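Please keep the sequence and the structure at hand while reading.

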Amino acid sequence: AKLNFEIYAAVSKENFVYHHCIGKGGFGKVWKVDRKRKNQPYAMKEMSKARIITKRSVKSVINERQILAQLNNVHIVNMHYAFQDRENLYLVMDYLSGGDLRYHICRNRKFDEQTTRFFVACLVAGLKYVHEKNIIHRDIKPENLVIESDGYLRITDFGIARVWREDNA
């Protein structure tokens, strides 16, 4: 199986300053990075090609990258760059410092009605946008809902998302 990510304007990991690991997944790590010269924070998903192939997940990783390339909205975690080197594939995404909803549920146990309504409104707005693009997320759960520093909730992880068609409805 051959893995191939498009390269955006010759961007590589050398264009970023690594800070710290903000998450781990089945294929690798997510790093907080800054784009050099722009001093803008991003989350960089670094995925091992060997692990992707071993886990027979080539199609799902390519699928996520293709879906993210079609999306750009304030209610989702957007992709800015996608590139590869010999060992890894990279997705450079919006960095959200507020943590995921699962973390906040564990910490707070429950939310007041106003906060709950606000989170649900953010989620519905995000799903409305995604559905208007004919994409079905298929994995909405607290771990895939990330909160910005200003309290807005965004949808992330389009790993098992699908483009809706008559034959797969």
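**The ends of helix α4**

In this predicted model, the N-terminal end of α4 is capped by Asp 112, which has a side-chain oxygen 3.2 Å from the backbone nitrogen of Gln 114. Just after α4, Asn 134 has a positive phi of about 60°.

Helix α4 covers residues 113-132, which is 20 residues.

The buried residues of α4 are Phe 119, Cys 122, Leu 123, Gly 126, Leu 127, Tyr 129 and Val 130. Looking down the axis of α4, these buried residues fall within an arc of 160°, so they line one face of the helix. An α-helix has 3.6 residues a turn, so residues three or four places apart point the same way.

The other side of α4 has exposed residues: Glu 113, Gln 114, Arg 117, Lys 128 and Glu 132.

**What covers the buried face**

Helices and strands both take part in covering the buried residues of α4. Among them are the helices α2 (58-70) and α3 (101-108), and the strands β6 (135-136), β7 (145-147) and β8 (153-155).

**Cysteines**

A disulfide requires two cysteine sulfur atoms within 2.5 Å, and the count here is 0 disulfides. Cys 21 is in no disulfide, as the nearest cysteine sulfur, that of Cys 106, is 19 Å away.

Cys 21 is partly exposed, with a relative accessible area of 32%. Cys 122, on α4, is buried, with a relative accessible area of 3%.

Note on methods
Residues numbered from 1 in each chain as written. Predicted model: local features only at pLDDT ≥ 70, side-chain atom pairs only at ≥ 80, totals over all residues. Heavy atoms only, no water. Helix = DSSP H or I, 4+ residues; strand = E, 2+ residues; numbered from the N terminus. Expected span 1.5 Å × (residues − 1). Buried < 20%, exposed > 50% of the residue type's maximum accessible area, 1.4 Å probe, protein only. Arc of directions from axis to C-beta. Contact = heavy atoms within 4.5 Å. Polar contact = N/O pair within 3.5 Å; in protein donor to acceptor, adjacent residues only side chain to side chain.
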